[in-house]
Amino acid sequence: MNPALAAIAAVIAAAAVSCSGSGDSSTAVPRRDAYPRVNLYDTAYVSAPNLPVNLAINSSASVSVDEKSSGTHWINISYPRYNATVRLTLQSLSGDSLRRAIDNRRQRASLDIGGNTTELIELTSPAGVTSLLMLTPAAAVTPLHIIATDSARFILSGVAEFSTPDIEANAPALAAIYADLLRAAKTLSPAKP
């Protein structure tokens, strides 16, 4: 056999053996999971329709509003590209009922967070609406909570919910939804009659 062909055959055989996976499994190193890049929605906003408050939502998201009872609205903001939905409840309340509702929502958020590290941001919009955003990346299904109130007439509360609880894969979408809710909190105001 030609020595050059024998050398080529030896290299091909060595490559085939090294790629066959028949090597010592104790030296195998798993590859990191790779996630496809999420094509994020543009940061353009519109006001959610048919609500007694001005609530900015991402114009690329879809929104449904159900009036469950007089003064109570369920708002679902769907982000299909992210496999996520922001589920909000808007209640018209005042006095002791409003204070109890705020305490209840804070307690429920605390239970969802479950002792995980949480970033809290509290801010007040120019219209006097105070919002608390709670970002908990380790809470894979509901990593983001919001509680907002004007302390007189309403409370808006809810969560961002991911259909797939994969913290790393959801991280870019979570950051985008957080930015959307932060924008909503900064501009939240009672609607003008």
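Q: Is Y82 buried or exposed in this predicted model?
A: Buried means under 20% relative accessible area and exposed over 50%, with partly exposed in between (1.4 Å probe, protein chains only). Y82 has a relative accessibility of 4%, so Y82 counts as buried.

Q: Which kind of aromatic pair do Y79 and Y82 form?
A: Rings of Phe, Tyr and Trp (its six-membered ring) pair if their centres lie within 6.5 Å; planes under 30 degrees apart count as stacked, over 60 as edge-to-face and the rest as tilted. For Y79 and Y82, the centres are 5.5 Å apart and the planes make 10°, and the pair is stacked.

Q: How is the pair of Y41 and Y79 described, and what are its distance and angle?
A: Here the pair is tilted, because the planes stand at 45° and the centres are 6.0 Å apart. Y41 sits in the loop between α1 and β1 (45-47) and Y79 in strand β5, so to speak distant parts of the chain, 38 residues apart. Both residues are buried. In short, the pair is tilted, at 6.0 Å and 45°.

Q: Which residues form one aromatic cluster?
A: A search of the whole structure finds three aromatic pairs. Y79 pairs with Y82 and also with Y41. The cluster is Y41, Y79 and Y82.

Q: Where in the protein chain is confidence lowest?
A: Residues are numbered from 1 along each chain as its sequence is written, and side-chain values use heavy atoms, leaving out hydrogens and water. In this predicted model, local features need pLDDT of at least 70 and side-chain atom pairs count only at pLDDT 80 or more, while totals for chains, interfaces and linings use all residues. The chain has a mean pLDDT (the predictor's confidence in each residue, from 0 to 100) of 89. Confidence is lowest, at a mean of 64, in helix α1 (residues 3-19).

Conventions: Helix = DSSP H or I, 4+ residues; strand = E, 2+ residues; numbered from the N terminus.
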